[in-house]
Amino acid sequence: MDTERGEVLNALNELLEAERAGARVAMETGRSIDARDLAALVDDIHKDEVRWCSMLMRTIKSLGATPSSETGAFYGKAMAIADLDDRLRFLNRGQAWVVRKLQVLIPRIADPSAREELNGMLQAHHHNIGRVEARYATGVPIQEVTAAQPQELPTPSDP
Ligand SMILES: [Fe+2]
């Protein structure tokens with residue numbers, strides 16, 4: 001396997017594991033949300049993450065490789081955050097990590113249709129990050145803040 005192809009495949013698998021983690025976090029967090037509009041937003045994020053998992057698996061297969069079946073460590077880190085506001089903020093930081101990874105990866109993708117799909121994933125991540133940020137910007141509490149102990153949030157840099 002040449003180096004370029006190997007690096008592209010590693011990046012695609014890393015993103016796949018991160019999206020799988022994000023999908024699980026969104027699904028399990030959504031179950032605990034009572035506010036209907038927030039539940040709908042988190043459900044949208046879940047559906048998008050599932051969609052990008054499928055696209056990444058398809059892209060990896062099109063390169064003649066086997067997609068990873070792992071779930072990124074981001075899942076465990078996110079679910080360890082009990083407060084839903086904090087967890088959703090952490091999820092958004094994970095989404096921003098995905099954006100940065102895609103910005104580096106996309107120019108390295110030779111196949112135009114794969115590049116287009118990854119660009120779609122990039123735009124959708126920008127969109128969802130904005131939707132979650134907008135909830136904070138308006139001062140509307142995402143979820144009632146519980147009297148949790150202040151906790152050190154793990155960094156989303158290695159999902
Ligand atoms: Fe994502």
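The model is predicted, and the protein has five helices and zero strands. Read from the N terminus, the elements go α-α-α-α-α.

**Overall picture**

- Buried residues account for 32% of the protein's 159 residues.
- Take the contacts with a separation of 6 or more: 77% of them come from residues 24 or more positions apart.

**The largest nonpolar core**

- The largest nonpolar core has 31 residues, and Leu 56 and Ala 78 are the ones that touch the most other members.
- At least two residues of this core come from each of α1 (3-30), α2 (36-62), α3 (74-79), α4 (84-105) and α5 (112-137).
- The top contributor is α1, which gives nine residues.
- As general background, nonpolar side chains tend to be buried together in soluble globular proteins.
- What does Leu 56 touch, leaving aside residues up to four places away in sequence? Its partners are Leu 12, Leu 15, Leu 16, Glu 19 and Pro 67.

**How α2 meets α5**

- The pair α2 and α5 packs at an angle of about 160°, and the two axes are 11 Å apart.
- Because the cut-off for roughly antiparallel is an angle over 145 degrees, α2 counts as roughly antiparallel to α5.
- As for handedness, α2 and α5 have a left-handed crossing.
- On the α2 side, the contact is made by Leu 41, Ile 45, Asp 48, Trp 52, Met 55, Thr 59 and Ser 62.
- On the α5 side, Ala 114, Glu 117, Met 121, Ala 124, Asn 128 and Arg 131 take part.
- Sort the residues of this α2 and α5 contact by type and you get seven nonpolar, three polar and three charged.

**A closer look at Met 55**

- Met 55 sits in helix α2 and is one of the residues that make the contact with α5.
- Setting aside residues up to four places away in sequence, Met 55 touches Glu 117 and Met 121. Both of these partners belong to the α5 side of the contact.
- Met 55 and Leu 16 are 39 residues apart along the chain, with 9.0 Å separating their C-alpha atoms. Leu 16 also turns up among the residues that Leu 56 touches.

Methods:
Residues numbered from 1 in each chain as written. Predicted model: local features only at pLDDT ≥ 70, side-chain atom pairs only at ≥ 80, totals over all residues. Core = buried A, V, L, I, M, F, W, Y, C linked by C-beta atoms within 7 Å. Buried ≥ 20, exposed ≤ 12 C-beta atoms within 10 Å, placed from the backbone. Helix = DSSP H or I, 4+ residues; strand = E, 2+ residues; numbered from the N terminus. Contact = placed C-beta atoms within 7 Å. Axes fitted to C-alpha atoms, helices over the stretch in contact; angles between N-to-C directions. Parallel < 35°, antiparallel > 145°, perpendicular 65-115°, else oblique. Left-handed = near helix turned anticlockwise from the far one by under 90°. Nonpolar A, V, L, I, M, F, W, Y, C, P; charged D, E, K, R; others polar.
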